[in-house]
Amino acid sequence: MNAMSSHLKGQIRQTLILSLITICVAQINLHIFTETFTISLATVCLPAFMYLLDDVAILPLSLLSGFGIFGSRVLIHAVQTGSASGAADDYMPEIIFYFALGLLLFLFDHLIRHRRKLLLFIPGVMCIDYLSNALELFARIQTASYALDSQLVLIVVAGIRGLILTVVLASLDRYRIMLLTRTHAERYQRLIMLISRLKGETVWMNKNAAMIEETMNTSYALYTDLLNSGGPDSERQARQALSVAKDVHEIKKEYILIQRGLSEAMQSETESDGMLLTEIFTILTQSVRDEYADSGRVPLITMESENRLYTREPYLFLSIFHNLITNAVEAAQKRTCAVSITETEGERSYIFTVHDNGPGIPIKYRDRIFSPRFSTKVNYETGAVNRGLGLCIVKDMVEQNLGGTIRLPDSPGGAAFVITIPKERMEEAT
């Protein structure tokens with residue numbers, strides 16, 4: 001009941017606002033035949049509202065607009081002449097026009113079953129415009145309205161207003177499509193980045209699955225050894241080892257279910273036709289900027305490539321370069337972090353160099369940066385330490401998934417990662 005009441009109030013409010021707009025637009029008019037027979041752009045408003053809005057009460061709107069326009073014309077006439085005498089009779093037929101227009105639009109809308117395609121909608125509105133004008137003209141000049149020249153003028157007027165309506169609706173449709181396209185592109189970009197990150201996480205989950213299996217086997221082997229040792233506490237310790245093995249086994253089952261669910265959810269999406277490298281870096285650059293928009297950091301990413309490369313595994317490349325870029329931005333001591341990515345062609349591979357202008361990585365840490373859970377990034381305000389999986393995931397994706405290599409050579413200023421990808425894992429686009 002409350003929902004119905006709220007809907008009714010909303011529709012009444014909408015009708016009042018739209019009728020006010022129509023009354024205002026009606027003041028732009030042209031006099032034809034008689035001083036009081038006006039051709040106005042208000043006629044364009046009603047079908048435009050019906051086409052653009054899903055729930056327009058066209059009959060109440062047309063009646064309210066008709067009486068409002070009638071009242072405004074009488075008022076303007078009284079202000080201009082100093083008297084309202086005779087104005088009501090002169091402008092009363094305009095109410096007939098708007099009533100006929102609203103009724104015919106209502107019937108037309110139901111006839112086409114609310115499928116408002118522009119190519120069908122415009123001719124129908126032009127016919128309705130002509131019939132409504134003909135009815136008003138007959139109310140004014142009776143049989144003289146049947147004259148051929150009068151009818152031709154009405155047809156021309158209907159055609160002109162139909163043309164104006166076409167331009168307005170086509171422009172609005174194009175603008176709406178443009179907005180939808182932009183929104184779709186932004187959503188698509190966010191979806192791609194989300195999948196690329198999940199892809200990286202599943203690589204780590206696959207590695208962890210093997211570790212879980214190894215831990216379970218170790219616990220079970222310990223149970224067997226303790227059981228056979230014959231020591232005073234061996235039986236109790238053996239039961240504890242067996243309990244650990246069982247618990248790890250249960251964890252493994254749940255872990256594998258989660259891992260399988262993620263993999264199946266991404267499988268159809270990650271088996272796409274692929275992307276150009278330039279498209280990957282366009283998405284990546286915008287995503288990183290958005291990611292750090294509220295942090296005060298300004299990532300400046302540049303890309304230079306010798307070849308126009310194409311990959312059928314875009315999510316791996318997105319995840320690899322996203323991890324390297326975000327590592328550089330988070331380690332940067334300056335507000336602006338510049339990251340340059342260059343691609344060159346080797347004999348059997350494509351070589352990518354990711355270089356930043358940050359503090360670099362100290363020599364004492366270089367042997368451990370690809371180890372899991374190793375991190376030099378600490379938040380000194382909260383004491384939180386970065387989980388240290390980014391570079392480990394990158395290494396696994398480069399080496400295990402793409403068959404390449406990644407290394408950290410010496411470089412003056414900042415860190416520079418060099419990644420080689422076998423040529424068979426990428427294509428040169430023509």
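I started with arginine 425, which comes out as partly exposed at 27% relative accessibility. A reminder to myself: this is a predicted model.

Next I looked up the partner of arginine 425. Its side chain meets that of glutamate 313 in a salt bridge, 2.8 Å from N to O. I then checked where the two sit: glutamate 313 is in the loop between β5 and α10, and arginine 425 is in the loop between β9 (416–422) and β10, so this pair ties together parts 112 residues apart in sequence. Glutamate 313 is partly exposed too, at 24% relative accessibility.

How many salt bridges does the structure hold? I found six.

I moved on to another of them, where arginine 312 and glutamate 427 join their side chains at 3.1 Å, N to O. Arginine 312 lies in the loop between β5 (309–311) and α10 (314–331), while glutamate 427 belongs to strand β10 (residues 427–428), so parts 115 residues apart in sequence are tied together by this pair. I noted 47% relative accessibility for arginine 312, which counts as partly exposed. Glutamate 427, at 35%, is also partly exposed.

My last stop was helix α11 (residues 390–401), where lysine 395 and glutamate 399 are four residues apart, so about one helical turn separates them. Their side chains form a salt bridge at 2.9 Å, N to O. Is lysine 395 buried or partly exposed? I have it as partly exposed, at 25% relative accessibility. For glutamate 399 I wrote down 31%, again partly exposed.

Terms used: Residues numbered from 1 in each chain as written. Predicted model: local features only at pLDDT ≥ 70, side-chain atom pairs only at ≥ 80, totals over all residues. Heavy atoms only, no water. Salt bridge = Lys/Arg side-chain N within 4 Å of Asp/Glu carboxyl O. Buried < 20%, exposed > 50% of the residue type's maximum accessible area, 1.4 Å probe, protein only.
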